[in-house]
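Visitor: I am new to this structure and would like to understand the words used for it. Could you show it to me, please?

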Amino acid sequence: GCAESLWQLVLARAVSGISGAMASVAAAYIADVTTEDERPACMARWQAAAVLGMSIGPVLGGLVNNYLHWRLACWISAVLAILSL
């Protein structure tokens, strides 16, 4: 893989886990900062982005794997996890 040691792997998985946990916090944040009138539209956009990501992610990962290199998929995932923090 991309990690050259066990500690790099553990750190990468920790960053990935933290960024994944932020998704549950996002719903509470959206509910907290929006008014009751705009909340349904904001929640719908947030959910649409999540569904779109889960739908397109595997397809893009497969394309990267087939046409480039599987390790690049790891790097893309790591960069997106860091950016999501």
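Guide: Helices here are DSSP runs of H or I with at least four residues, strands are runs of E with at least two, and both are numbered from the N terminus. This is a predicted model, in which local features need a pLDDT of at least 70 and side-chain atom pairs count only at 80 or more, while totals for chains, interfaces and linings use all residues. Residues are numbered from 1 along each chain as its sequence is written, and side-chain values use heavy atoms, with hydrogens and water left out.

Visitor: How many helices and strands does the protein chain have?

Guide: The protein chain has 3 helices and 0 strands, and from the N terminus on its elements run α-α-α.

Visitor: Why is the protein chain called more spread out than a compact globule?

Guide: The radius of gyration is taken over C-alpha atoms, and the globule rule is 2.2 Å times the number of residues to the power 0.38. For 85 residues that rule gives 12 Å, whereas the protein chain comes to 16 Å, well over that value, so the chain is more spread out than a compact globule. Its C-alpha atoms fill a box of roughly 50 × 30 × 15 Å along the principal axes.

Visitor: Why is Thr34 called buried?

Guide: Buried means under 20% relative accessible area, exposed means over 50%, and partly exposed lies in between, with a 1.4 Å probe and protein chains only. Thr34 has a relative accessible area of 12%, and therefore it is buried. Of the 85 residues of the protein chain, 8% count as buried. Thr34 has its place in the loop between helix H1 (6-33) and H2.

Visitor: What makes Ile82 count as exposed?

Guide: Ile82, which lies in helix H3, has a relative accessible area of 55%, and so it is exposed. The C-alpha atoms of Ile82 and Ile18 are separated by 9.4 Å, although these residues are 64 residues apart along the chain.
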